[in-house]
Amino acid sequence: MPDRHNRDKKETMAGMINFRNNKQKEQKAEVPDHFFRDVDIEFLIHELKSPLSIIETGMRTLLKRENKFGKLSDKQKKTIKRSLRNTVKAREMIYTLLEIGRSEADSFELNEFIPGEIIFSSVFDSLETVSGEIFNEILLLKNRKDVLDLLEQNGVFLKISLPAGEQKIYQDQIKLRQITGNLIKNALYYKKKAIEIKVDIKDQFLIIEVADDGPGIAPENHKAIFERYRQIKTDVLANRSGHGLGLAGSYIMAKRLKGDIEIISQEKKGALFRLTLPVK
């Protein structure tokens, strides 16, 4: 009797363990193995646009309408402006992701525009994200020459040739703004004293060069700069960290627009990024 009792007890325990294991397998089968693989990234990005837009609008309103919402102290203004810059940065990242997705789906919005004006706006937008103090000073200026003088005083040299400042091209204006914005922000991040932006049209191609005097990039690492969404380690690219989405996305968009981005750089000698796009 004791043996039979022990045997029945063991069989009961074994049955309970099997039941528990089977139940766990069933529950596991109901849970996706890869959550992010099943997420609609484009839908998620669109969903993020609205709250960021509301946050950005709210902060701009607080800064511009003190007569309605109350006077702010200098410390409060500084905190809000810093938060605003980072909100703009997040918004620009989302827009870049959307444009990359549209590029890979061969979705373009082509129109006629003067490239010099777009690049001038890209410089302005990039400064808001990277160099808030310069951007705030520019807001007080009305004359374009005064703006260019202030930029040069802060080490930002913009040279737009006559053709690029007057001749219209037929391209995707939104994607061009995203690409150039990423290149300019990248240069602003790594500049020591100055960056130089040149815009020209030659032989039916728009050529934009963005150069900085930063730490530079060794030739053997040039290809890695444009690898999709790769975060380059500092020990690989001297002191240039943070490469990933911006440059990789810009490269994808440029290629889809039948253009190219190349890099000319050596360690400790700065970097020059050259964007080439057909004018039609």
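A: In this predicted model, the largest nonpolar core has 45 residues, and Ile-197, Phe-273 and Leu-275 touch the most other members. A nonpolar core here is a set of buried Ala, Val, Leu, Ile, Met, Phe, Trp, Tyr and Cys residues joined through side-chain atoms within 4.5 Å. Buried means under 20% relative accessible area, exposed over 50%, and partly exposed in between, with a 1.4 Å probe and protein chains only. Helix H10 (residues 173-190) gives the most to this core, namely six residues. A second, separate core has five residues, among them Met-59, Leu-72, Leu-84 and Val-88. In soluble globular proteins, nonpolar side chains tend to be buried together. Of the 280 residues of the protein chain, 37% count as buried.

Residues are numbered from 1 along each chain as its sequence is written. Local features need pLDDT of at least 70 and side-chain atom pairs count only at pLDDT 80 or more, while totals for chains, interfaces and linings use all residues, and side-chain values use heavy atoms, with hydrogens and water left out.

Leu-275 is in contact (heavy atoms within 4.5 Å) with Leu-176, Ile-179, Thr-180, Leu-183, Leu-206, Ile-207, Ile-208, Ala-254, Asp-260 and Ile-261, leaving aside neighbours within four places in sequence. One of these, Ile-261, stands opposite Leu-275 in S7. Strand S6 (260-265) and strand S7 (residues 271-278) pair in the antiparallel sense over six bridges. Helices (H or I, at least four residues) and strands (E, at least two) are DSSP runs numbered from the N terminus, and two strands pair if DSSP finds at least two bridges between them.

These two strands belong to an open sheet of five, in the order S2-S4-S5-S7-S6, with mixed pairing. Strand S2 (156-160) and strand S6 stand at the edges with a single partner strand each, so one side of each is left without a neighbour in the sheet. Neighbouring strands are turned by 15° against each other on average, direction ignored. Such angles run from 0 to 180 degrees between N-to-C directions, with axes fitted to C-alpha atoms, for helices over the stretch in contact.

S2 and S4 run parallel and are joined by five bridges; Leu-158 stands opposite Ile-197 in S4. S4 and S5 are antiparallel, over eight bridges, and Ile-195 has Asp-212 in S5 as its bridge partner. The hairpin of S4 and S5 has two residues between the strands, and Asp-203 there takes a positive phi near 50°. Helix H6 (residues 115-130) lies across S2, strand S4 (195-202) and S5, running at about 170° to S2.

Glu-209 is found in strand S5 and counts as buried, at 16% relative accessibility. Its side chain makes a polar contact (N or O atoms within 3.5 Å; within protein, one able to donate a hydrogen and the other to accept it, with residues adjacent in sequence counted only if both atoms are side-chain atoms) with the side chain of Arg-274, at 2.7 Å. Not counting residues up to four places away in sequence, Glu-209 touches Glu-196, Ile-197, Lys-198, Leu-272, Phe-273 and Arg-274.

The pLDDT, the predictor's confidence in each residue from 0 to 100, averages 80 in the protein chain. Confidence is highest in strand S5 (residues 205-212), at 97, and lowest in helix H1 (residues 2-30), at a mean of 55.
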